[in-house]
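Please look over the model shown here before reading on. The notes below cover helix geometry and local backbone features.

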Number of protein chains: 4
Amino acid sequence: MIKVGIIGATGYAGGELVRILTGHKEAEIKWFGSRSYIDQKYASVYQNMFQIVDATCMDDNMEKLASQVDVIFTATPQGLCASLVNENILSKVKIIDLSADFRIKDVATYEKWYGIEHKSPQFIEEAVYGLCEINREDVKNARLVANPGCYTTCSILTAYPLAKEGIIDMSTLIIDAKSGTSGAGRSAKVANLFCEVNENMKAYGVATHRHTPEIEEQLGYASGEKVVLNFTPHLVPMNRGILATEYAKLTKDVTYDEVKAIYDKYYANEKFIRVLEKDVCPETKWVEGSNYVDINFKIDPRTNRIIMMGAIDNLVKGAAGQAVQNMNLMFGLKESEGLELVPMFP
Amino acid sequence: MIKVGIIGATGYAGGELVRILTGHKEAEIKWFGSRSYIDQKYASVYQNMFQIVDATCMDDNMEKLASQVDVIFTATPQGLCASLVNENILSKVKIIDLSADFRIKDVATYEKWYGIEHKSPQFIEEAVYGLCEINREDVKNARLVANPGCYTTCSILTAYPLAKEGIIDMSTLIIDAKSGTSGAGRSAKVANLFCEVNENMKAYGVATHRHTPEIEEQLGYASGEKVVLNFTPHLVPMNRGILATEYAKLTKDVTYDEVKAIYDKYYANEKFIRVLEKDVCPETKWVEGSNYVDINFKIDPRTNRIIMMGAIDNLVKGAAGQAVQNMNLMFGLKESEGLELVPMFP
Amino acid sequence: MIKVGIIGATGYAGGELVRILTGHKEAEIKWFGSRSYIDQKYASVYQNMFQIVDATCMDDNMEKLASQVDVIFTATPQGLCASLVNENILSKVKIIDLSADFRIKDVATYEKWYGIEHKSPQFIEEAVYGLCEINREDVKNARLVANPGCYTTCSILTAYPLAKEGIIDMSTLIIDAKSGTSGAGRSAKVANLFCEVNENMKAYGVATHRHTPEIEEQLGYASGEKVVLNFTPHLVPMNRGILATEYAKLTKDVTYDEVKAIYDKYYANEKFIRVLEKDVCPETKWVEGSNYVDINFKIDPRTNRIIMMGAIDNLVKGAAGQAVQNMNLMFGLKESEGLELVPMFP
Amino acid sequence: MIKVGIIGATGYAGGELVRILTGHKEAEIKWFGSRSYIDQKYASVYQNMFQIVDATCMDDNMEKLASQVDVIFTATPQGLCASLVNENILSKVKIIDLSADFRIKDVATYEKWYGIEHKSPQFIEEAVYGLCEINREDVKNARLVANPGCYTTCSILTAYPLAKEGIIDMSTLIIDAKSGTSGAGRSAKVANLFCEVNENMKAYGVATHRHTPEIEEQLGYASGEKVVLNFTPHLVPMNRGILATEYAKLTKDVTYDEVKAIYDKYYANEKFIRVLEKDVCPETKWVEGSNYVDINFKIDPRTNRIIMMGAIDNLVKGAAGQAVQNMNLMFGLKESEGLELVPMFP
């Protein structure tokens, strides 16, 4: 039984880790870290866990925690994990960081887009970018995994096979993404109040959103060239779900079947990636509560562009689910253990 | 492995049966009956099931089905199950009827409230009312289970211990219930369009809703007296969830602790019923996707009334979850098999 | 042209006052008071007002304001108006208080339910309870109007004619009310975040909500007896709207037509009260954005109870709209000036 | 007083025409045409109009209607207006068609994208495309106005000044649009049920949506070149609102101020177009219920693209509001008469 500690267990991603790990046969949460709710019953913060989780929230002392568990999930604001981690800790425990601290290899890029100093750049090189379907082998041997962002998971996986195979012109790639509001976290802000979000939709972080360099870096590895793209996130009045609509020029004449074959080449054996049938557009509701990524595409011969679409549950494949998938890989468990969650509809 | 047939597999309750049974270790769906979608892939109707369910929808021939499965769930409009069932079928297969056909013992009452003739009154006596926590032993031996209604499950369980122990005046009982829109089913009606339901709330079926006699009958058994009450359902702009707020005069002076002890007497060992901590009001979101019933109460000394509150997911404990719980009991399985669904939040 | 000052112009009720008064032909807002946003453009707080309102937010100095305007609306937290008002101010300007400070005649009741000391009890007697349809003549001559609460407006108007005519047993009256989330105000609280409210429903303030004594007092005046009742508010995932479902025993045999005649006696000439046609249940959406109260009822001969239902927009008839209606009365304007708002659907 | 007839008065756009015209000082609805609800009270279909509209629904006989009114609005499915209109009718009455029948000048393009034969191609040339801000003078003299589509109004106005001034490369233009569900109309379809739309988001009509050629044609006129672009609509869980996010390469180096000046050149004097302050992104809620178009843009020097954003209420500026604006122009009334609707928030 793998012993798990969570730092940031009372945010939405932390709560989802608890939900998923509660059904995991090989792991047990030993530490529900939450700076805001120390000494309060976890189930008093998330009443859905009443009579399921009996634990009390604890502090976020990573040193102490490292002696007591096998793996630590940090579901915390940017900068916290980088400020806590050290060689001593990493020698004792594996870390899966759900923040952005170790996602970007170039420290200057991180510091520029996040506006904070990186406190442990020495571990960036070692950290493995935990997009399981792409970096599976590296994840297996990692001590420190940078769990991808929600938008980035969806955006990258949707375009990855086409970028890898060179059939899209990367300089023309535009990603227009839409997210449910849980992506904004559980902090009390006027902008996230029900009345402000309901019956409303907006773009935000236009041309400046922090997930941009992460997507660019990963699709750069895939395509073998430097990628600079437009990524525009939007806030949608729903709790969960990300939909990415991606546009790019095709580099050559391709048919539906040829593109489908490329997707299948990479994803046909991937349990959590479903390339939908022709002309079925992904819908966020069809993956809600699950670790699936639903993908499809449409070639537009009028413009010679391809429109790629991907949908995930931002809290599962976009955060906690993928983190558990990484844990499973790191500990040699069945990759889908705890993650065979059937999407809930309606 | 129990072989399962579902008639009405493409309604919302049918879809939820599929979702739940997909995770059930001792049961396997052999027949996805759907008159509207015969010969279509089930997953083309419910894309959430893509690559999970490979089956094709079939007709609703109960005779044929009875030879091929161990249990039939009928998630169909009122009257259909009663028109299909016969002794030959019941001799071969167990039936769990999610419609109202066998819930009410008095056929005249059924015919009056539902406005249709009952086609097999001869089986009403035999049918067991499948409210597991109350009729557990009878369910175990039943051939034909009448799965309770969604409102009724919530309404009855919320008041049951107090009715049974005689501490509320049944002639004063008023039930004000609120439901998400999935309770209205998946048929295409203007009144259930997104734009008609969103940002809206209304009562409906005031003083005439069909769940009224079902609640009255069951609470009548509990209290040992004839019960006539007011039940008012309301439509709420959410997909899932029922909240029942119930009011009654107390028959004697009782303290919080005394009432709590009564609830505990009946429910402390019930896995799926959670009596919340003092002053915590049930919220539908805390049980979403799960088989839980969350209950609490408040004594108002100013009016000498008690306000009881209960919350369920109408598609789980209010329909498919309870149906599976009944199946587990009927086949001697662990009662919670397939039902250890952790509520999803947010 | 009546000069208007608003203290608390950036809350939801304050924002609605601005929306309504922008279309008022005889009034002009001279002072947008907002402690939180002093010196910021009002339209930067409420972008809907961009290029409509050019003003800047100001402090909440009531003394200064009293010299510059004809009427002050206080859309502020409980206690603020009572702490600011004095004879000098009242001699110069009329005040319409949207808080609870002057709604309850018995200061001890106020202090008990609101948990704060009343700072100007000397004005309570003078203050007029501004439920226009009931206290119209008194409002016309008032210096200080206590604008009714949102739940209370809906709850009282729905039952008033029947209470007044003595056909319901007031000791049996139960009010189960449901409200959109704007009633919780614009303050940043976790409980009001989109993800906490969406797909969720709950009761709150059970047996303790502050609107209870206000309803009891007013229905007590109507019925001529002391009223003690149960009032239970619920939070619904919508922005606007209150629906009250009210239950009471009938004191005598009455027909639909007799009860309808009673409602018509009081409301047939009321522009903002619509008693719906037989069997049409009020829906909050049908009054959204307007000053209407939609009312209907159903007699249940089985239980000898009557179920009364009322719907309002909590920010209009439940707050800002009624406040403007009061202003119109106080200044001898056409009562509906600025309030002929057609409900928006969908 | 202008006499108005509406054919299709009980759809969502028709209902919005009624809401707006009810507050119009110079027009009066004489004919509420609704094939589905003939002889029923209009207010029984839209209860928000109870005691506001007393009329009964009538048939859709355009010949008869033409003798009785000054202007006919057709808020009907594609093809109906074209099949009814003739020279005799047009000699008697002005027509504002809210369907697509007369929007596209090339009949072959219309027939290809809409899949139906055009029944009166002889009037296409004469028909004026009623985008008031662009074709104001032509509208004034028109007998037949083709009221623009909802997506198209938003998409065109957002890009128009930049297309006109040649600072964007039209071959790179991509429009990613998001719409509330009222755009799908009031017909009873499973896909538009509350439970299917709520907590869900999807693209649809990818590379095939009918508004594409309309946008291309109008932006072609603006830019003076043939335009072929990608337009992708998405369905969002809200009642009202369209948000268009548009991407294009800049043809030259421009600063924020230079682009702002271009927008101001075209829109500074337009009452219904608000170019927001720097870095304020349009939100659909800020225009809800009003005739405004909110627009802003962001230059991304990293990609040399400009991101343009526009928001409208699809039922107002995207349908009924613009139709009334056209009527005002055609009859020489104040252009904003009946349309000074303040956006409702929240």
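The structure is a predicted model, and the points below are grouped by topic.

**Packing of two helices in chain D**
- Helix 8 (residues 150–164) of chain D and helix 11 (residues 256–267) of chain D have axes that come within 9 Å and cross at roughly 110°.
- Helix 8 of chain D is therefore roughly perpendicular to helix 11 of chain D.
- Helix 8 of chain D contributes D:Leu157, D:Thr158, D:Tyr160, D:Pro161, D:Leu162 and D:Lys164 to this contact, and they meet D:Val259, D:Ile262, D:Tyr263, D:Tyr266 and D:Tyr267 of helix 11 of chain D.
- Nine of the residues in the contact of helix 8 with helix 11 of chain D are nonpolar, one is polar and one is charged.

**Helix 12 of chain B**
- Helix 12 (residues 316–330) of chain B spans only 18 Å between its end C-alpha atoms, whereas a straight helix of 15 residues would span 21 Å.
- A kink of about 45° in helix 12 of chain B is centred on B:Gln322.
- Because 15 of its 15 residues are buried, helix 12 of chain B is largely enclosed by the rest of the structure.

**Cis peptide bonds**
- B:Phe345 and B:Pro346 are joined by a cis peptide bond with omega about -5°, and B:Pro346 is in the segment after helix 12 of chain B.
- In chain D, the peptide bond from D:Phe345 to D:Pro346 is cis, with omega near -5°; D:Pro346 lies in the segment after helix 12 (316–330) of chain D.

**Positive phi outside glycine**
- A:Asp279 is a residue other than glycine with a positive phi, near 70°.
- A:Asp279 sits in the loop between strand 11 (273–275) and strand 12 (293–300) of chain A and is exposed, with a relative accessible area of 51%.

Key. Residues are numbered from 1 along each chain as its sequence is written. Chains are lettered from A and ligands numbered from 1 in the order in which they are written. This is a predicted model: local features need pLDDT of at least 70, side-chain atom pairs count only at pLDDT 80 or more; totals for chains, interfaces and linings use all residues. Side-chain values use heavy atoms; hydrogens and water are left out. Axes are lines fitted to C-alpha atoms, for helices over the stretch in contact, and angles run from 0 to 180 degrees between N-to-C directions. Helices (H or I, at least four residues) and strands (E, at least two) are DSSP runs, numbered from the N terminus. Angles under 35 degrees count as roughly parallel, over 145 as roughly antiparallel, 65 to 115 as roughly perpendicular and the rest as oblique. Contact means heavy atoms within 4.5 Å. Ala, Val, Leu, Ile, Met, Phe, Trp, Tyr, Cys and Pro count as nonpolar, Asp, Glu, Lys and Arg as charged, and the others, Gly among them, as polar. The expected span of a helix is 1.5 Å times one less than its number of residues. The bend at a residue is the angle between axes fitted to the seven residues ending there and the seven starting there. Buried means under 20% relative accessible area, exposed over 50%, partly exposed in between (1.4 Å probe, protein chains only).
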